[in-house]
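The following explanation leads the reader through the architecture of the model shown here, from its domains to its local backbone features.

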Amino acid sequence: MNDEVLTVSSLAPALAFLVPVVAGVLVLLLRRGPARAWPVVAGVGAAAVLLAGVRMVTATIGGAVLVTWGGELRVDALSALLVALIGGIGVLALLYAVRSMTGGSGGHEGRERRLCLFYALLSWFLATMAWGCVTNNIIMLYVAVEATTLTSGLLVAFYWDRRGLEAGYKYLMLLTIGITFALFGCVLIYAMAAATGELAGGDALLISEVRGVAHLFPAGTALVTVAFLVVGFGTKAGIAPFHPWLPDAHAEAPPPVSVLLSGVMIKMAAYALARTVTIFYPGWPTLTVFAVALGSFTMLLGIVAAMGQDDLKRLLAYSSVSQIGYVVVGLGLGTYLGCYGGLFHLVNHAVVKALLFMCAGAVVYATGARRISELGGLGRRMPVTAFCFVLGALTIAGFPPLSGFASKLTIYLALARSGMWWAAALAVAASILTMVVLVRAATAVFWGSPRGAAEGAAVREVPGLMWAPMAVLAAACVLLGVWPQAIYPLLDGAARVLATVGR
Amino acid sequence: MTDDALNVALIETLCMCMVITSVSAVETRRLRLATVAYVVQALLLVGLLLTFATVNPALYGWAVVALLTKAVLTPYFLLRAIGRADVREQQPLIGFAPSVLVAALLMTGFYRLTHVHVELLAPGAMAQQEVFRTNLAVASTVFALGLFCVLTRRDAVKTVIGLCLLENGVHLSLVSLAPELPETALFGVATEVVVTVYLLLYVIGGVREQFGTTDTFSLKELQG
């Protein structure tokens, strides 16, 4: 494909995950030190991911590919996009965590003691996600994806109450079983690549090399492999019907963790899925229909399940299932336009869902309540949160001129261009349902005069350190909507990496 | 590489014993005994790796890592979690007789299926030799039995044992599918399983504290 790319040796890919690993270790070493130091050190780690991401973006936009350790790590525009996203959302989630984890009406006593572990795990969580996006080794991709489960497992169960433990157990168990299928898939890719005899020893492990010999793979084994990969990475990405862990984990985790799970972790799994499955696209183009069908099913099932939710965080979690469906439809289509739309929506959803989970966390922080039926009229007490939530709800519903509109429209156009009108119709229907569900939730929680848990005199806007990250994300929703060409060069480069079939 | 250098009879015996230990680990209701069955399986796996290592020396390292992680650390964590608490697992979803029947069907079904259609799983010419076919057939059988255990058992600790079987199945297949996997990858794959088991049992310890049982059916706080 891109045979004449400029390959540049760089340390940025390695630093993107090594610095946060070290930051996590430092946090643990400082456990007897001042509690203020923990978020600062973890923040340095997250900032390193962001800086490395920015460095990768600037390099890859210019057409270069960064490699480290003899091609073991390899960063093209697609990897750069993901690392920058992980770093950006990571920094904001850490800022948000500082106040949201130490105060508020959450009612989880005794957690202060364990905050040290929280920040260490959060750093490692970011590190493992970044690692998964820069590795070029097919087996290490599996190892990194499973490592994100391990580093976040205790974060999901952080509150250590009945709900948290149940969510944590299901999360670790279901994701580990799922990802074992992916290991089988990754091993088969390696075995097939090695069996072609075209690649020397270690090269059969490198995803960038495997792509070149994929047309030599035996058809039967290739399809078995794709099935394993879809079950494995699909479970992690929250694709229906492998999604049941997602609402539990995203709802019960502490707010900054929900932000990362919904904002970037499922995106990183979608990245792993796209990276591996698109290897097979040129040889078996009918896979695209299967991928689009799977994505459409996910999109509808998620939003229908969200309709029945009274718990604000569970509602948002089910909406994440639905939105990852859009990403899968776009990337699964395999065309340039489809990949562009899918990646654009991946970025937009990361931003908007991080925003919405921060807002939900702010509501819980201020009122201690999560059920929509127990809340109402919060808008007057919490104007910033209310504004951000409504803006987020409109963005995710695809309301023009916000960012969700631009990416969804691209996906509709890509579907129509490939002749998949049925999928385009389903996507529009799911979008209308999203509008109904999210806007209804926003009105119920923020509109009117204060009632329920919002009546307490102590209910007021959250601290600046919590709403500032929300404001940044809200601004990004508007900016990417009115000026979508701002990230065109990056998305263009990333979409070219994935686009393998058709126009 | 040919299979002449390999002790085929020994490999086939070890493979059959692996299937038997899988069934024992799944069907034994006493958690300690099930753990013992798992340890025996781990040792058999190490034995198999050593046998294959006579033609592929890279597997010696893999055998050492497997011995440490599967036969020492994992059982240690399991026994510590079982502790002096209820040594019998919670009543599984299906009774003993139907469970054995299903296990037997899985065993013969998966073994036959993989053995006959080995080309679906084994792209290389080497992996289609008889001894590697047996290896793959056993790997997929152990994997299926582990999945069966995870799906039908209510006891959280027992599901962890099922998960270990599942992983053993995949790791066994590496002998035929990825014999030249570098040590770093093998090390990553092996350590990850131990860490998973440790974390799961740690969370299950919390579940026992809060819910007073390790019955996964009592985990009903999150519905809908």
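How far apart do the C-alpha centres of domain 1 of chain A and domain 2 of chain A lie? In this predicted model, the separation of the two centres is 19 Å. The domain assignment of chain A places domain 1 at residues 1–136, domain 2 at 137–284 and domain 3 at 297–503.

Domain 1 and domain 2 of chain A also touch: 27 residues of domain 1 are in contact with 28 residues of domain 2. On the domain 1 side, helix 3 (77–100) and helix 4 of chain A each supply at least two residues. Helix 4 of chain A gives the most to this side, with ten residues. By class, the domain 1 side comprises 16 nonpolar, eight polar and three charged residues.

Helix 4 of chain A (residues 115–134) has a further partner in helix 1 of chain A (residues 12–29); their axes come within 8 Å and cross at roughly 165 degrees. Angles over 145 degrees count as roughly antiparallel, and helix 1 and helix 4 of chain A are therefore roughly antiparallel to each other. The crossing of helix 1 of chain A past helix 4 of chain A is left-handed. Helix 1 contributes residues including P13(A), F17(A), P20(A), G24(A) and L28(A) to the contact, while helix 4 contributes residues including C116(A), Y119(A), S123(A), W124(A) and W131(A). By class, this helix contact has 17 nonpolar residues, two polar residues and no charged residues.

Attention now turns to the interface between the chains. Here 42 residues of chain A are in contact with 37 residues of chain B. On the side of chain A, the elements giving two or more residues are helix 5 (138–156), helix 6 (162–195) and helix 8 (219–237). Helix 6 of chain A gives the most, with 21 residues. The class composition of the chain A side is 25 nonpolar, eleven polar and six charged residues.

Within chain B, another helix pair can be examined. Helix 3 (residues 58–82) and helix 7 (residues 183–211) of chain B pack at an angle of about 0 degrees, and their axes are 10 Å apart. Angles under 35 degrees count as roughly parallel, so helix 3 and helix 7 of chain B are roughly parallel to each other. Among the residues that make the contact are W62(B), V65(B), T69(B), L73(B) and F77(B) of helix 3, together with E183(B), F187(B), V194(B), Y198(B) and L201(B) of helix 7. By class, the contact of helix 3 of chain B with helix 7 of chain B has 15 nonpolar, five polar and one charged residues.

Elsewhere in chain B, S99(B) lies in helix 4 (residues 96–116). Leaving aside neighbours within four places in sequence, S99(B) is in contact with E27(B), P92(B), I94(B) and T152(B). S99(B) and L219(B) are 120 residues apart in sequence, and their C-alpha atoms are 23 Å apart in space.

Most residues other than glycine have a negative phi, and most peptide bonds are trans. W69(A), which is not a glycine, has a positive phi of about 50 degrees. W69(A) is found in the loop between strand 2 (64–68) and strand 3 (73–75) of chain A, and is partly exposed, with 13 other C-beta atoms within 10 Å. W160(A) likewise has a positive phi, near 55 degrees. The loop between helix 5 and helix 6 of chain A holds W160(A), which is partly exposed with 17 other C-beta atoms within 10 Å.

Where in chain A are cis peptide bonds found? One joins A240(A) and P241(A), with omega about 5 degrees. P241(A) is found in the loop between helix 8 and helix 9 (245–252) of chain A. A cis peptide bond also joins P400(A) and P401(A), again with omega about 5 degrees. P401(A) lies in the loop between helix 14 (383–396) and helix 15 (403–417) of chain A.

Note on methods. Residues numbered from 1 in each chain as written. Chains lettered and ligands numbered in written order. Predicted model: local features only at pLDDT ≥ 70, side-chain atom pairs only at ≥ 80, totals over all residues. Axes fitted to C-alpha atoms, helices over the stretch in contact; angles between N-to-C directions. Helix = DSSP H or I, 4+ residues; strand = E, 2+ residues; numbered from the N terminus. Parallel < 35°, antiparallel > 145°, perpendicular 65-115°, else oblique. Left-handed = near helix turned anticlockwise from the far one by under 90°. Contact = placed C-beta atoms within 7 Å. Nonpolar A, V, L, I, M, F, W, Y, C, P; charged D, E, K, R; others polar. Buried ≥ 20, exposed ≤ 12 C-beta atoms within 10 Å, placed from the backbone. Domains from an automatic or database assignment.
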